[in-house]
Amino acid sequence: MVSYLIKSIVCSGLLLVVYHFILEREKMLRFNRFYLLLAMVFALLVPLATIDMSSQVVEELAPDNIVNVPTVHTAAVNAPLPVLQYDKPVIPDYLPWLAYGIISTVLLLRIGIQILTVLRSKSGRRIIPFETAKLVLMPDDTPTYSFFNFIFISQKAFDFEAVPKEILAHELAHSKQAHSIDILFTELLLAFCWFNPLFLLYRRAIRLNHEYLADDAVLAGPTGVGEYQLLLLNTLLSHRTTTLASSFNYPVTKKRLAMMTTKINLRNQFIKKALVALLLPVLAFALAEKTYSQQPATETIPKSEKGVNNAPVTGNAAVSEEEMKDFLALVEKHTRHTKSRKGRIDPIVSMSPEQENQLYATYERMSDVQKERIKANNIAIFRMDVPVKKAPEPDMFENWKKPHIFGIWLNGTHVPNTVLNKYNTTDIAEYTLHRLVGKGLVGKGYKYQLELTTNDEFDRTIEQRMNNRIVLARVTWFDPPKVKAGTKK
């Protein structure tokens, strides 16, 4: 979470710097409007994106695979794994979220109160249609401002025709261009993302750009620049309207006056838009979460889904037909069938390591044709690689601490990612990464399942694993053969 907050703030800061030094002084007001809005959304979403930096395809885990290699059940494999003990955090996990919820709720209530204030201010007032908007005549000396399609003006000024047409045109531009939607969106974003103080600067920039747009709409009519500038200076009032409204009396008048006289340079605008288009993917790549799942050329973790084609081939030598029959008979003898909760029948092969080694030695002497015959009988047999210690890289190890990306299994036990803070990279002997797909993602909260083995666990189980390198399994499920009467299952 801390990494996400830092990246989000850095991203929003960089995009704000680009706007301030490159875009703000150019008269491409509509482009700037959408740039500012999308920059805030971009800064929130990019740190959530993930980029797979793996050099090899990681193993995918999905339920109900058509080709399934069940685990070989032996006494050694089924030995109970130790339960890892870890200290509980001192601060309850829910406390930060509780604080976040309270602050966001207060800010949302503030927005609601402001909306009600605006809506109540028009209750019982005289409303006059004005082009696509409606004029709301206020009894007191109210400064002119707009909120959606309502323009609030002083009734006294309206009756005496003291409201200049340029001011009404200015507020009408706010209404037509739906600037209130931008303001409301920004306020809601601030309510949920109050942890990013830079969004306050975005809000200020968005409102100033709204004034640029409204001024530009007024100057598109018969009013001259000089005349409008004098009118703007003469009508500045000190009253403050609600923060959700677009007001004619918005500060930073000096910048507005300067923008009115800015000339349009299409060449500069094109270059700056192109720079922004190039910057966004660079920022996305730099700030997105990167998953490192590369494996060395010689696997440190045995692959559990190697097929028969991975087994060594020893030319065209062949075993006798009698040995082939004994091979198939022994596999059939040690095959039992289990029924899953979904009613599927799975064959499970259970035999001693000595028998597995004996069958693998026979398999190595088979010809290619005989191996295909074994494969046709839905039998897979292979020898896993010799376990070799391989510690992860430091950046890879730090990346594993992100709970929204990785689920951690340490020595066969699912543990919180924070447990890794108690270990160094040199404490890890083996690692293997599985990408969750399909139903495997449901209810997990992470995208990868990471299995780690510590040096102590590696040393404790190395002898057992060396004696159990042969994997023998039935690779498909089928209805079990009918057992003849009097025959023992």
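A cavity here is a set of points, on a 1 Å grid over the protein atoms alone, where a 1.4 Å probe fits but cannot get out. Grid points are joined across faces, edges and corners, and a volume is the space filled by probe spheres set on the points. The volume of the largest cavity is about 30 Å³.

This is a predicted model, in which local features need pLDDT of at least 70, side-chain atom pairs count only at pLDDT 80 or more, and totals for chains, interfaces and linings use all residues. Residues are numbered from 1 along each chain as its sequence is written, and side-chain values use heavy atoms, with hydrogens and water left out.

**The cavity lining**

Select Lys-27, Tyr-212, Asp-215, Asp-216, Leu-219, Met-259 and Met-260, which line the largest cavity; lining residues have an atom within 4 Å of a point. Helix α7 provides the largest share of this lining, four residues. Both α7 and α9 supply at least two residues each. Helices (H or I, at least four residues) and strands (E, at least two) are DSSP runs, numbered from the N terminus.

**Helix α9**

Next, select α9 (253-260). Its buried residues are Thr-253, Arg-256, Leu-257, Met-259 and Met-260. They lie on the same side of α9 because they cover an arc of only 160° around the axis. The arc is that of the directions from the helix axis to the C-beta atoms. Buried means under 20% relative accessible area, exposed over 50%, and partly exposed in between (1.4 Å probe, protein chains only). The buried residues of α9 pack against α2, α5, α7 and α8, where contact means heavy atoms within 4.5 Å.

**Helix α8**

Move to α8, residues 225-234, and pick out its buried residues, Tyr-228, Gln-229, Leu-231 and Leu-232. These sit on the same side of α8, since their arc around the axis is only 160°. Leu-230 and Asn-234, on the other side of α8, are exposed. The cover over the buried residues of α8 includes α5 (165-176), α7 (198-219) and α9.

**The largest nonpolar core**

Now show the largest nonpolar core, which has 27 residues. A nonpolar core is a set of buried Ala, Val, Leu, Ile, Met, Phe, Trp, Tyr and Cys residues joined through side-chain atoms within 4.5 Å. Cys-11, Leu-15, Tyr-35, Leu-36, Met-40, Phe-199 and Tyr-202 have the most contacts inside this core. Two or more residues come from each of α1 (2-23), α2 (29-45), α6 (179-192), α7 and α10 (266-287). The most come from α2, with eight residues. Zoom in on Leu-36: not counting residues up to four places away in sequence, Leu-36 touches Tyr-19, Tyr-202, Ala-205 and Ile-206.

Select β4 (133-138), where five of the six residues are buried. Strand β3 (126-130) pairs with β4 in the antiparallel sense over five bridges; two strands pair if DSSP finds at least two bridges between them. Ile-128 is opposite Leu-135 in β4. The hairpin of β3 and β4 has two residues between the strands, and Glu-131 in the turn has a positive phi of about 55°. Strand β6 (150-154) runs parallel to β4, joined by five bridges. Met-138 has Ser-154 in β6 as its bridge partner.

**The hairpin of β9 and β10**

Finish at β9 (335-339) and β10 (345-349), antiparallel strands joined by five bridges. Thr-335 is opposite Val-349 in β10. Five residues lie between the strands of this hairpin, where Gly-343 takes a positive phi near 85°.

Technical notes: 1 Å grid on protein atoms, 1.4 Å probe; cavity = no way out; pocket = protein on both sides within 12 Å on 5 of 7 lines; lining within 4 Å.
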